[in-house]
Amino acid sequence: MNFKNLISLALYSLLCACSSTPIAYITNRGSDTVSIVNLKEKKVIQEISVGKGPVGIAISLKKSYAFITNSNDASVNVLDLQHNRIIKTIKIGGTPVGITKSTNEDFIYVSDWFNSEILIIETKSLTIIKKIVVGKSPSGMMCDAEGKYLFISNRDENTVEIYNQFDLNLVKKIKVGNHPYGLFLSKNLLFVVNVLDDSISIVNTQSFATETIKVGDHPYGVVSDTRNQFAFVTNTQDDNVSVIDLKMKKEIKKIKVGGNPEGIDIDERDNILVTSNWRSDSISIIDLAKHEYLYEIKTGKQSRSFGQFIKID
């Protein structure tokens, strides 16, 4: 292949990468479905039937699977993202809620709310290979980019636990606010939503120093940008999103969205935030740069999408 052809191939690859479409996978607890939403076309392109009471979601680009927790029938569905169909249902027992992938995507971690356990699913065999006992009512989870740690919020214990991904041994337990639920990790900052305190805890994962910032009523989900300039929190009882300036360490704005926003995810490439709205059966799209509401897309009933739900190739 000559130099000219190499340049053409490189440009083609770049254009393909830039033109890839962000897709949101929205769990709908009230209709037992997942809405597949094309965020560029601003519409639902398919509705997939899943288990009963779907809540959490984790996406593995490496395997081209999405994993969905179904809290009402104690299962996890495996959704093939290439063909948009369920290829397996894994019985969990208890009440699966939170879910996340390991850094290398070889494993999926599922929080069993009722039994206070984490179940580990191998993504190659799609089987449960291990269980570990954790704090009371584990909820949100996320792994760091370096592949070292798994972070877990324990709602009924008011703690965050840090586990070693390699051997799943407990590294540290940190006290946070009242009823921690959603969490998000960006660089060395861990953001934890405290539902009954109307606040978030921000934990420095190097020093373990913790600070608290007040937000709106009954917060549920949180994300931040990669530069850690702003954090964004869904307030379920205010129907809005708090914008937190992380340098000033305070809320600077509230953005009105749909009814009872729960899940939230960030797509910095396309400059948007997406919230899933329980009461209005929809998702809301926010301009990430301007911090302004853009539009709403109707989905299934009681949309939740607890976890990172936007697929960007």
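This is a predicted model: local features need pLDDT of at least 70, side-chain atom pairs count only at pLDDT 80 or more; totals for chains, interfaces and linings use all residues.
Q: How do I judge whether the protein is as compact as a globular protein of its length?
A: Begin with the secondary structure: the protein has one helix and 28 strands. Its radius of gyration is 19 Å, close to the 20 Å that the globule rule gives for 313 residues, so the protein is as compact as a globular protein of that length. Taken along the principal axes, the C-alpha atoms fill a box of roughly 60 × 45 × 40 Å.

Q: Where does Ser20 lie, and which residues is it in contact with beyond its sequence neighbours?
A: Look in the loop between helix H1 (3–19) and strand E1 (23–28), where Ser20 has its place. Ser20 counts as buried, because its relative accessibility of 13% is under 20%. Leaving aside neighbours within four places in sequence, Ser20 is in contact with Lys40, Arg269 and Asp313. Take Asp313 from that list: 293 residues separate Ser20 and Asp313 in sequence, while their C-alpha atoms are 6.4 Å apart in space.

Q: What about Asp198: which loop holds it, and what is it in contact with?
A: Asp198 sits in the loop between strand E17 (189–194) and strand E18 (199–204). With a relative accessible area of 23%, Asp198 is partly exposed. Setting aside neighbours within four places in sequence, its contacts are Lys214, Val215, Gly216, Asp217, His218 and Pro219. For another distance from this residue, consider Asp239: it is 41 residues from Asp198 along the chain, and the two C-alpha atoms are separated by 14 Å.

Q: How many salt bridges does the structure hold, and how should I read them?
A: Side chains of opposite charge can pair when their charged atoms come close. Here the structure holds eleven salt bridges. One of them joins Glu262 and Arg304, at 2.7 Å from N to O. That pair links distant parts of the chain, with Glu262 in strand E24 (residues 261–267) and Arg304 in the loop between strand E27 (292–298) and strand E28 (310–311), 42 residues apart. Both Glu262 and Arg304 are buried.

Q: Which residues are linked in a network of salt bridges?
A: Glu157, Glu161 and Lys173 are linked in this way.

Q: How many aromatic pairs are there, and how do I tell their geometry?
A: A search of the whole structure finds five aromatic pairs. Tyr65 and Phe67 make an edge-to-face pair, with 6.1 Å centre to centre and 85° between the planes. The label follows because planes over 60 degrees apart count as edge-to-face. Tyr65 is buried at 17% relative accessible area, and Phe67 is buried at 0%. The rings of Tyr149 and Phe151 have centres 6.3 Å apart and planes at 80°, so this pair is edge-to-face. Tyr149 is partly exposed at 24%, while Phe151 is buried at 2%.

Q: Which residues form the aromatic cluster?
A: Trp113, Tyr181, Tyr220 and Phe306 form one cluster.

Q: Which lysines lie over the face of an aromatic ring?
A: For this feature, look at the charged group and the ring centre together. Lys42 lies over the face of Tyr295, 4.5 Å from the ring centre. Lys172 lies over the face of Phe208, at 5.1 Å from the ring centre.

Methods
Residues are numbered from 1 along each chain as its sequence is written. Side-chain values use heavy atoms; hydrogens and water are left out. Rings of Phe, Tyr and Trp (its six-membered ring) pair if their centres lie within 6.5 Å; planes under 30 degrees apart count as stacked, over 60 as edge-to-face and the rest as tilted. Buried means under 20% relative accessible area, exposed over 50%, partly exposed in between (1.4 Å probe, protein chains only). A charge sits over a ring if NZ of Lys or CZ of Arg is within 6 Å of the ring centre and within 35 degrees of the ring normal. Helices (H or I, at least four residues) and strands (E, at least two) are DSSP runs, numbered from the N terminus. The radius of gyration is taken over C-alpha atoms; the globule rule is 2.2 Å times the number of residues to the power 0.38. A salt bridge is a side-chain nitrogen of Lys or Arg within 4 Å of a carboxyl oxygen of Asp or Glu. Contact means heavy atoms within 4.5 Å.
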